[in-house]
Amino acid sequence: MQYNKILSLVFLCLLFTQPVFSQQDRVFSGIVTDQQDQAIPGVLVKVHGLNTGLVTDLEGKFTIHLPASKEVTLDFSFLGYKTYQEVIAASTNGKKLKIQLVEETTDLQEFTLLGKSELSEIRERAFNVEVVDARKLHHTNLDLGHALDRVSGVRVRESGGVGSRMNFSLNGFSGKQVKFFIDGIPMDDFGSSFQLNNIPINLAERIEVYKGVVPVGLGADALGGAVNIVTKNVRKNYVDASYSYGSFNTHRSVINTAFVAESGFTFQLNAFQNYSDNNYWVDVDVSDIETGKYYPNQRVRRFHDTYHNETVITQLGVQGKPYADKLLIGLTAGKNYSEVQTGARLVSVFGQWHRRGTLLMPTFKYQKRDLFTKGLDLNVNANYNFGSEQNIDTVNRRYNWFQQYKEYDVPGGERSYTLYKFNNNNAVFTANAHYNFGIHTFAISNVFNSFNRMGSDALNPENDKYEQPRKSQKNITGLSYQLNWEEKASVSAFTKIYKQTNYFTMSYNPTGDYGDVAYRNERENFTYPGYGITGSYFVTGNIQAKASFEKSYRLPEPEELFGDMVNLQGNLDLKPETSYNYNLGLSIWKQVNKDHRIDVSANGFYRDAKDFIRARLNNNQAMQVMDNLYSVTNIGVEGDIRWNYKSLLSAGANITYQDLRNNTEFEEGQTASSIVYRDRVPNMPYLFGNADASLMLQDAFGKGNDFNFGYNLLFVHAFYLYWPSLGAEKFDVPQQLSHDVNFTYTTGEKGRLQLIAECKNLLDSKHYDNFSLQKPGRSFSGKIRYFIY
């Protein structure tokens with residue numbers, strides 16, 4: 001539910017604190033749900049024509065007293081839903097009512113910030129969190145990554161088109177410094193078949209974005225924030241299917257369905273596929289491969305960048321049992337194929353090199369509220385990934401961007417002659433418990449992660465380097481205490497213990513003779529304590545202030561230590577990074593009058609990080625490598641404003657400024673001050689934002705036929721590609737603007753049919769990310785979606 005939906009009810013609630021009637025002769029009780037049979041807390045239940053009423057509790061339930069022998073009309077209203085009226089006849093005695101509210105056809109393009117569904121949690125939540133209502137975006141062609149790219153403080157950068165390598169930045173922290181979860185389960189090492197920019201938005205119901213401090217319940221070693229993707233809480237049968245086709249021969253299809261029996265038996269299926277040739281135009285310098293003649297600034301098509309993936313997620317089990325609110329076992333299976341067009345920069349071009357990946361992951365999920373005693377909730381999750389990745393580089397050619405090539409009549413590859421296939425065997429086990437009694441809440445969590453890479457190369461089976469261990473284990477334990485004061489203020493203190501053990505080998509020359517190589521087993525152990533505190537205070541019913549502090553650690557990921565076998569080189573010398581994170585925020589929700597509403601929020605943040613892990617180009621600038629930068633500071637601000645007029649018009653904008661500086665004055669082995677001391681950290685945007693507007697016409701072409709128009713603007717200021725003090729040219733990545741438009745036509749009653757047309761990058765401007773790799777230009781797509789709830 002939206003912050004602006006829920007908090008505006010605070011004022012309404014205050015109007016209805018007196019007894020409803022002096023003579024309460026008939027008692028009616030009931031529950032209010034949405035179209036998915038999920039309870040809606042905070043619904044205003046008003047006696048029509050009178051200034052009396054109440055709001056539903058946390059479970060959507062209510063009890064109301066009505067006068068005897070009199071017909072009464074009850075109004076049920078909640079922002080975002082159509083008002084519902086229930087007529088209670090004079091002769092009707094008290095009975096149980098079940099009221100279902102229908103969601104208003106509002107801006108499906110609008111990127112809406114949500115709060116928690118429970119009213120008290122909204123007031124008490126002290127974390128700097130924004131939540132995206134993914135349901136409002138189910139009609140679009142957005143994947144999870146590009147949906148998040150519209151949140152203030154977030155930048156999603158890719159090395160190309162569909163399925164390309166993605167870098168996620170949140171308030172200046174990026175990559176693995178920000179952790180990702182699905183329903184609270186870490187997405188560590190799920191493989192290339194399951195990543196944010198190939199998962200459709202339809203998989204999620206909402207997306208929680210934690211900036212800075214991360215709740216203990218997520219159990220993450222996040223340095224600067226976390227993203228939790230919350231999938232649909234299935235309570236009834238439904239089908240939601242869609243197919244889209246767009247530029248660059250891009251096909252996307254999604255089907256989500258579930259069966260829920262009265263007994264609680266539940267079966268859920270989510271399946272999706274993506275395909276694209278990714279043959280968009282790029283501007284590069286090209287040399288003729290035969291003559292060597294130089295052709296600067298040529299406009300050419302990418303020709304070896306096809307990507308496709310197919311994924312199926314199934315879950316089977318029971319819900320609503322005395323022993324379990326939810327007990328599900330499942331299997332996630334998928335595969336992908338990805339052609340490698342370039343290296344870390346466009347100067348490298350390939351024509352045959354490609355990768356394949358598979359995902360095979362059994363899952364287990366258990367949830368129980370009020371376990372043994374009221375207020376004690378338990379969640380347990382586990383999964384194990386048997387998936388594999390294969391790097392296929394067996395054609396000894398050298399390509400240029402004109403698709404010319406030279407082939408060499410000896411065994412070899414375009415980068416490294418290999419058929420290396422490896423399994424990133426990864427196990428994740430999470431358990432967390434919350435105990436709430438009165439104004440006190442205790443929470444404890446533990447996350448265990450085990451990684452073991454095993455591989456072999458069919459072209460070089462005798463090479464014993466593939467038999468060397470590449471293992472990592474980490475365990476994060478957290479404990480927190482939260483105190484709430486009369487739903488007006490809350491404070492939470494917590495501590496975390498971070499542990500990691502890495503197993504690997506180092507090569508050495510035992511005899512000194514040329515070519516003599518042996519391996520020595522190594523083991524590294526890290527144990528660090530973290531801690532923090534958060535606070536929230538409602539200055540008035542519609543003004544909330546938040547503050548938080550945390551000392552956090554982030555342990556190196558296996559991919560950073562051991563490489564990804566494509567464009568990321570491993571670095572076994574990486575050390576854990578740590579940061580002191582400070583956040584301060586203010587939010588205001590203002591209902592100007594019955595038609596106009598304005599929501600404003602502003603946040604400031606400061607990060608003081610040591611052993612900061614960042615990507616740089618390796619020595620030959622063909623691959624990226626992760627490296628420690630001793631000290632980095634980041635100070636920034638972000639703001640968001642949104643205006644709504646009835647359900648007709650909506651507009652909003654957000655802006656983020658962040659100033660990451662190299663605070664390392666003396667580098668290792670140097671006595672003089674570093675030339676890049678206090679330089680802005682390169683390859684990191686520092687000023688960016690979004691703006692959007694939408695028009696919603698309900699019943700535009702007859703009752704039940706709605707038309708929506710949406711517009712979105714993305715702005716990224718020019719930023720540095722290299723250290724500013726090391727080059728004459730300052731801004732190597734130019735300023736970028738992208739205009740996206742969206743048209744949606746919705747029709748149907750019980751079944752809903754949507755026809756969607758989209759255009760991204762309307763003006764065909766040039767966009768760059770990750771070391772100036774060029775992204776796709778203007779693209780068009782059409783989508784058809786049909787859903788029954």
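Student: What share of contacts between residues at least 6 apart in sequence join residues at least 24 apart?
Tutor: In the protein chain, 66% of them do. Contact means heavy atoms within 4.5 Å. This is a predicted model: local features need pLDDT of at least 70, side-chain atom pairs count only at pLDDT 80 or more, and totals for chains, interfaces and linings use all residues. Residues are numbered from 1 along each chain as its sequence is written, and side-chain values use heavy atoms, with hydrogens and water left out.

Student: How many helices and strands are there?
Tutor: Five helices and 46 strands in the protein chain. Both are DSSP runs, numbered from the N terminus: helices are H or I with at least four residues, strands E with at least two.

Student: Which strands does E25 pair with?
Tutor: E25 covers residues 376–385. Six bridges join E25 to E24, residues 354–368, and the two run antiparallel. Another 10 bridges join E25 to E29, residues 420–437, also antiparallel. Two strands pair if DSSP finds at least two bridges between them.

Student: Which residues stand opposite each other there?
Tutor: Lys368 stands opposite Leu378 in E25. Tyr384 stands opposite Ala427 in E29.

Student: What about E20 and E21, what do they form?
Tutor: A hairpin, with six residues between the strands. E20 (281–287) and E21 (294–301) pair in the antiparallel sense over six bridges. Val282 stands opposite Val300 in E21. In the turn, Gly292 has a positive phi of about 80°.

Student: Switching to burial. What percentage of the residues is buried?
Tutor: Of the 789 residues in the protein chain, 57% are buried. Buried means under 20% relative accessible area, exposed over 50%, partly exposed in between, with a 1.4 Å probe and protein chains only.

Student: Which residues touch the most other members of the largest nonpolar core?
Tutor: Phe168, Phe194, Ile207, Val227 and Ile229, out of 32 residues. Elements giving two or more residues to this core include helix H4 (144–148), E11 (166–170), E15 (204–211), E16 (225–231) and E24. A nonpolar core is a set of buried Ala, Val, Leu, Ile, Met, Phe, Trp, Tyr and Cys residues joined through side-chain atoms within 4.5 Å.

Student: And what is Phe194 in contact with?
Tutor: Leaving aside neighbours within four places in sequence, Phe194 contacts Ile182, Met187, Ile199, Leu203, Phe272, Thr311, Ile313 and Leu359. Apart from this core lies another, of 19 residues, among them Ile64, Leu66, Val72 and Leu101.

Student: Why does Gln754 count as buried?
Tutor: Because its relative accessibility is 2%. Gln754 is in strand E43. Its C-alpha is 9.8 Å from that of Phe707, 47 residues apart along the chain.

Student: How big is the second largest cavity?
Tutor: About 750 Å³. A cavity is a set of points, on a 1 Å grid over the protein atoms alone, where a 1.4 Å probe fits but cannot get out; lining residues have an atom within 4 Å of a point. Grid points are joined across faces, edges and corners, and a volume is the space filled by probe spheres set on the points.

Definitions and conventions
1 Å grid on protein atoms, 1.4 Å probe; cavity = no way out; pocket = protein on both sides within 12 Å on 5 of 7 lines; lining within 4 Å.
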